[in-house]
Amino acid sequence: MPVVDVLFTATDLVQANGAVVVIIDVLRASSTIVTALQNGCQAVIPVGSISEAQKEAARRENVLLAGERNAIKPEHFHLGNSPLEFTPEAVQGKKVVLTTTNGTRALKSVENACTVIIGSFLNARAVARFLEREERDVLLYCAGSDGRFALEDTLCAAEILRQLKPFSLADGARWTLQGAKSYLDFSAPDKEFQIFKAVSRSRHALRLINLGFEEDVAYCARLNQMDIVPLLKDGKLIK
Ligand code: MLT
(Lines give C-alpha, C1' and ligand atoms only; values in the text may rest on other atoms or scores of the structure.)
Protein backbone atom coordinates (compact mmCIF):
# COMPACT_ATOMS: atom_id res chain seq x y z
CA MET A 1 0.00 0.00 0.00
CA PRO A 2 1.40 3.48 -0.81
CA VAL A 3 2.57 5.61 2.12
CA VAL A 4 1.60 9.23 2.78
CA ASP A 5 3.62 11.60 4.95
CA VAL A 6 3.60 15.33 5.78
CA LEU A 7 6.43 17.89 5.83
CA PHE A 8 5.64 20.93 7.96
CA THR A 9 7.83 23.76 6.61
CA ALA A 10 9.72 24.70 3.46
CA THR A 11 13.34 23.66 3.40
CA ASP A 12 16.14 23.94 0.83
CA LEU A 13 16.06 20.51 -0.74
CA VAL A 14 13.51 17.76 -0.42
CA GLN A 15 14.27 14.20 -1.45
CA ALA A 16 10.99 12.99 -2.87
CA ASN A 17 12.20 9.43 -3.56
CA GLY A 18 9.57 8.82 -6.21
CA ALA A 19 6.68 10.16 -4.15
CA VAL A 20 4.10 12.55 -5.57
CA VAL A 21 4.73 15.89 -3.85
CA VAL A 22 1.78 18.17 -3.02
CA ILE A 23 2.82 21.76 -2.27
CA ILE A 24 0.41 23.38 0.19
CA ASP A 25 0.56 27.12 0.87
CA VAL A 26 -3.05 27.95 1.68
CA LEU A 27 -2.29 31.65 2.48
CA ARG A 28 -1.88 32.36 -0.33
CA ALA A 29 0.37 30.96 -3.06
CA SER A 30 -1.44 27.62 -3.57
CA SER A 31 -4.87 29.25 -3.57
CA THR A 32 -3.63 31.88 -6.02
CA ILE A 33 -2.15 29.31 -8.44
CA VAL A 34 -5.31 27.17 -8.40
CA THR A 35 -7.48 30.26 -8.99
CA ALA A 36 -5.30 31.60 -11.81
CA LEU A 37 -5.42 28.30 -13.71
CA GLN A 38 -9.12 27.88 -13.06
CA ASN A 39 -9.70 31.36 -14.52
CA GLY A 40 -7.96 30.61 -17.81
CA CYS A 41 -4.31 31.45 -17.16
CA GLN A 42 -2.17 29.33 -19.56
CA ALA A 43 0.62 28.61 -17.08
CA VAL A 44 2.11 29.86 -13.82
CA ILE A 45 5.91 30.01 -13.82
CA PRO A 46 7.25 29.95 -10.25
CA VAL A 47 10.58 31.71 -9.66
CA GLY A 48 12.63 32.35 -6.54
CA SER A 49 13.48 36.05 -6.62
CA ILE A 50 12.11 39.37 -7.82
CA SER A 51 15.02 39.89 -10.22
CA GLU A 52 14.59 36.39 -11.70
CA ALA A 53 10.88 37.13 -12.12
CA GLN A 54 11.68 40.33 -14.02
CA LYS A 55 14.17 38.53 -16.28
CA GLU A 56 11.79 35.64 -16.91
CA ALA A 57 8.96 38.04 -17.80
CA ALA A 58 11.20 40.06 -20.13
CA ARG A 59 11.96 36.89 -22.17
CA ARG A 60 8.29 36.09 -22.78
CA GLU A 61 5.23 37.58 -24.41
CA ASN A 62 1.76 37.80 -23.03
CA VAL A 63 3.03 37.55 -19.49
CA LEU A 64 2.04 39.06 -16.15
CA LEU A 65 4.46 39.56 -13.26
CA ALA A 66 2.90 38.60 -9.94
CA GLY A 67 3.88 37.92 -6.36
CA GLU A 68 4.64 39.43 -3.00
CA ARG A 69 7.26 40.32 -0.46
CA ASN A 70 5.93 40.70 3.08
CA ALA A 71 2.53 39.95 1.52
CA ILE A 72 2.63 43.18 -0.58
CA LYS A 73 2.91 43.48 -4.38
CA PRO A 74 6.47 44.42 -5.39
CA GLU A 75 6.95 47.69 -7.28
CA HIS A 76 6.24 47.49 -11.04
CA PHE A 77 4.51 44.09 -10.76
CA HIS A 78 1.14 43.69 -12.48
CA LEU A 79 -0.47 41.62 -9.73
CA GLY A 80 0.18 40.84 -6.08
CA ASN A 81 -0.46 37.45 -4.49
CA SER A 82 -4.14 37.92 -3.74
CA PRO A 83 -6.14 35.15 -5.43
CA LEU A 84 -8.97 37.65 -5.87
CA GLU A 85 -6.84 39.64 -8.33
CA PHE A 86 -6.54 36.63 -10.65
CA THR A 87 -9.90 37.10 -12.33
CA PRO A 88 -10.69 35.76 -15.83
CA GLU A 89 -10.44 39.36 -17.12
CA ALA A 90 -6.93 39.66 -15.70
CA VAL A 91 -5.41 36.28 -16.53
CA GLN A 92 -7.32 34.59 -19.38
CA GLY A 93 -4.87 33.41 -22.05
CA LYS A 94 -1.87 34.86 -20.18
CA LYS A 95 1.17 33.35 -18.51
CA VAL A 96 1.94 34.45 -14.97
CA VAL A 97 5.49 34.62 -13.56
CA LEU A 98 5.03 34.26 -9.81
CA THR A 99 7.44 34.84 -6.94
CA THR A 100 6.31 34.49 -3.31
CA THR A 101 8.16 34.15 -0.03
CA ASN A 102 7.35 30.59 1.07
CA GLY A 103 5.23 29.00 -1.66
CA THR A 104 7.68 29.34 -4.53
CA ARG A 105 10.56 28.44 -2.18
CA ALA A 106 8.87 25.10 -1.46
CA LEU A 107 8.23 24.62 -5.18
CA LYS A 108 11.85 25.31 -6.10
CA SER A 109 13.13 22.85 -3.49
CA VAL A 110 11.40 19.90 -5.18
CA GLU A 111 11.95 20.87 -8.78
CA ASN A 112 13.55 17.50 -9.49
CA ALA A 113 10.78 15.34 -8.06
CA CYS A 114 8.95 13.46 -10.82
CA THR A 115 5.43 14.67 -9.94
CA VAL A 116 4.71 17.93 -8.15
CA ILE A 117 1.17 19.26 -7.78
CA ILE A 118 -0.51 22.12 -5.90
CA GLY A 119 -2.98 21.60 -3.07
CA SER A 120 -5.27 24.02 -1.24
CA PHE A 121 -8.67 23.90 0.43
CA LEU A 122 -10.13 25.10 -2.86
CA ASN A 123 -9.11 21.91 -4.70
CA ALA A 124 -8.61 19.44 -1.80
CA ARG A 125 -11.03 16.81 -3.10
CA ALA A 126 -9.58 16.95 -6.63
CA VAL A 127 -6.07 16.50 -5.17
CA ALA A 128 -7.16 13.44 -3.18
CA ARG A 129 -8.73 11.84 -6.28
CA PHE A 130 -5.55 12.56 -8.29
CA LEU A 131 -3.37 10.92 -5.61
CA GLU A 132 -5.58 7.84 -5.49
CA ARG A 133 -5.26 7.41 -9.26
CA GLU A 134 -1.45 7.73 -9.09
CA GLU A 135 -1.14 4.86 -6.56
CA ARG A 136 2.29 6.08 -5.43
CA ASP A 137 3.74 7.33 -2.15
CA VAL A 138 2.71 10.89 -1.32
CA LEU A 139 4.45 13.75 0.45
CA LEU A 140 2.13 16.55 1.56
CA TYR A 141 4.58 19.43 1.70
CA CYS A 142 3.34 22.38 3.79
CA ALA A 143 5.21 25.56 2.85
CA GLY A 144 4.78 26.99 6.37
CA SER A 145 5.64 30.58 7.11
CA ASP A 146 9.26 31.78 7.19
CA GLY A 147 10.49 28.35 8.26
CA ARG A 148 7.77 27.97 10.90
CA PHE A 149 4.80 25.66 11.18
CA ALA A 150 1.63 27.15 9.66
CA LEU A 151 -1.70 25.96 11.02
CA GLU A 152 -3.64 26.62 7.82
CA ASP A 153 -1.32 24.46 5.68
CA THR A 154 -1.40 21.58 8.14
CA LEU A 155 -5.20 21.68 8.42
CA CYS A 156 -5.37 21.54 4.63
CA ALA A 157 -3.00 18.53 4.65
CA ALA A 158 -5.37 16.91 7.18
CA GLU A 159 -8.37 17.53 4.94
CA ILE A 160 -6.59 15.92 1.97
CA LEU A 161 -5.50 12.99 4.17
CA ARG A 162 -9.01 12.48 5.40
CA GLN A 163 -10.23 12.13 1.83
CA LEU A 164 -7.49 9.69 0.79
CA LYS A 165 -8.00 5.96 0.72
CA PRO A 166 -6.36 3.50 0.88
CA PHE A 167 -2.99 4.80 2.07
CA SER A 168 -0.71 3.84 4.88
CA LEU A 169 0.00 6.79 7.25
CA ALA A 170 3.59 7.67 8.19
CA ASP A 171 4.28 9.50 11.49
CA GLY A 172 3.77 13.02 10.12
CA ALA A 173 0.44 12.05 8.56
CA ARG A 174 -0.83 10.40 11.74
CA TRP A 175 0.12 13.43 13.80
CA THR A 176 -1.54 15.78 11.31
CA LEU A 177 -4.86 13.95 11.38
CA GLN A 178 -4.82 13.69 15.16
CA GLY A 179 -3.79 17.36 15.66
CA ALA A 180 -6.43 18.63 13.24
CA LYS A 181 -9.18 17.04 15.33
CA SER A 182 -8.68 19.69 17.99
CA TYR A 183 -9.71 22.32 15.42
CA LEU A 184 -12.15 20.53 13.13
CA ASP A 185 -14.89 17.99 13.34
CA PHE A 186 -14.38 16.48 9.92
CA SER A 187 -17.87 15.10 9.65
CA ALA A 188 -19.73 18.19 10.95
CA PRO A 189 -22.13 19.87 8.50
CA ASP A 190 -20.50 23.24 9.28
CA LYS A 191 -16.96 21.97 8.61
CA GLU A 192 -16.28 24.77 6.11
CA PHE A 193 -17.11 27.36 8.77
CA GLN A 194 -14.85 25.57 11.25
CA ILE A 195 -12.03 25.69 8.68
CA PHE A 196 -12.64 29.42 8.22
CA LYS A 197 -12.57 30.01 11.98
CA ALA A 198 -9.34 28.04 12.48
CA VAL A 199 -7.60 29.54 9.45
CA SER A 200 -8.62 33.08 10.48
CA ARG A 201 -6.84 32.67 13.81
CA SER A 202 -3.56 31.52 12.30
CA ARG A 203 -0.49 33.74 12.53
CA HIS A 204 -0.30 34.52 8.83
CA ALA A 205 -4.06 35.12 8.55
CA LEU A 206 -3.88 37.71 11.34
CA ARG A 207 -1.05 39.42 9.48
CA LEU A 208 -3.03 39.42 6.23
CA ILE A 209 -6.14 40.73 8.01
CA ASN A 210 -4.07 43.58 9.50
CA LEU A 211 -2.92 44.45 6.00
CA GLY A 212 -6.53 44.58 4.75
CA PHE A 213 -6.64 41.15 3.06
CA GLU A 214 -9.49 39.65 5.13
CA GLU A 215 -11.41 38.70 1.99
CA ASP A 216 -8.41 36.62 0.86
CA VAL A 217 -8.47 34.69 4.13
CA ALA A 218 -12.18 33.89 3.74
CA TYR A 219 -11.69 32.90 0.10
CA CYS A 220 -8.68 30.64 0.77
CA ALA A 221 -10.64 28.79 3.50
CA ARG A 222 -13.38 27.71 1.07
CA LEU A 223 -13.50 23.98 0.50
CA ASN A 224 -13.67 21.96 -2.74
CA GLN A 225 -14.58 24.82 -5.05
CA MET A 226 -12.52 23.65 -8.03
CA ASP A 227 -11.77 20.37 -9.72
CA ILE A 228 -8.39 21.30 -11.12
CA VAL A 229 -4.98 20.00 -10.04
CA PRO A 230 -2.06 22.24 -11.08
CA LEU A 231 0.90 20.09 -12.18
CA LEU A 232 4.54 21.23 -12.46
CA LYS A 233 5.90 20.41 -15.92
CA ASP A 234 9.15 21.78 -17.35
CA GLY A 235 9.23 24.51 -14.70
CA LYS A 236 5.64 25.62 -15.39
CA LEU A 237 2.45 24.92 -13.49
CA ILE A 238 -0.30 23.89 -15.82
CA LYS A 239 -3.85 22.63 -15.44
C1 MLT B 1 4.07 32.96 0.57
O2 MLT B 1 4.36 32.24 -0.40
O3 MLT B 1 4.88 33.25 1.44
C4 MLT B 1 2.65 33.46 0.79
O5 MLT B 1 1.84 33.09 -0.24
C6 MLT B 1 2.63 34.86 1.28
C7 MLT B 1 1.36 35.65 1.02
O8 MLT B 1 0.40 35.58 1.78
O9 MLT B 1 1.29 36.38 0.04
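Here is a short chat about the ligand and its pocket in this predicted model.

Me: Which residues count as being around the ligand, and what makes them count?
Reply: The residues are D25, L27, R28, A29, E68, N81, T100, T101, N102, G103, H204 and L208. A residue counts because one of its heavy atoms lies within 4 Å of the molecule.

Me: What about E68?
Reply: Its polar side-chain atom lies 3.5 Å from an oxygen atom of the ligand.

Me: Which part of A29 takes part, backbone or side chain?
Reply: A polar backbone atom of A29 is 3.1 Å from an oxygen atom of the ligand.

Me: How much of the ligand does the protein cover?
Reply: On its own the ligand has 270 Å² of accessible area, and the protein covers 98% of that.

Me: How do you know where the ligand sits?
Reply: The ligand takes up the space of the largest pocket. A molecule is said to sit in a pocket because more than half of its atoms lie within 2 Å of the pocket's grid points.

Me: What is that pocket like?
Reply: The largest pocket has a volume of about 180 Å³. Its lining has 19 residues, with L27, E68, T101, N102 and H204 nearest its centre. By class, four are nonpolar, nine polar and six charged.

How values were computed: Residues numbered from 1 in each chain as written. Predicted model: local features only at pLDDT ≥ 70, side-chain atom pairs only at ≥ 80, totals over all residues. Heavy atoms only, no water. Polar contact = N/O pair within 3.5 Å; in protein donor to acceptor, adjacent residues only side chain to side chain. Areas by Shrake-Rupley, 256 points an atom, 1.4 Å probe, with all protein chains shown as cover. 1 Å grid on protein atoms, 1.4 Å probe; cavity = no way out; pocket = protein on both sides within 12 Å on 5 of 7 lines; lining within 4 Å. Points joined across faces, edges and corners; volume = space filled by probe spheres on them. Nonpolar A, V, L, I, M, F, W, Y, C, P; charged D, E, K, R; others polar.
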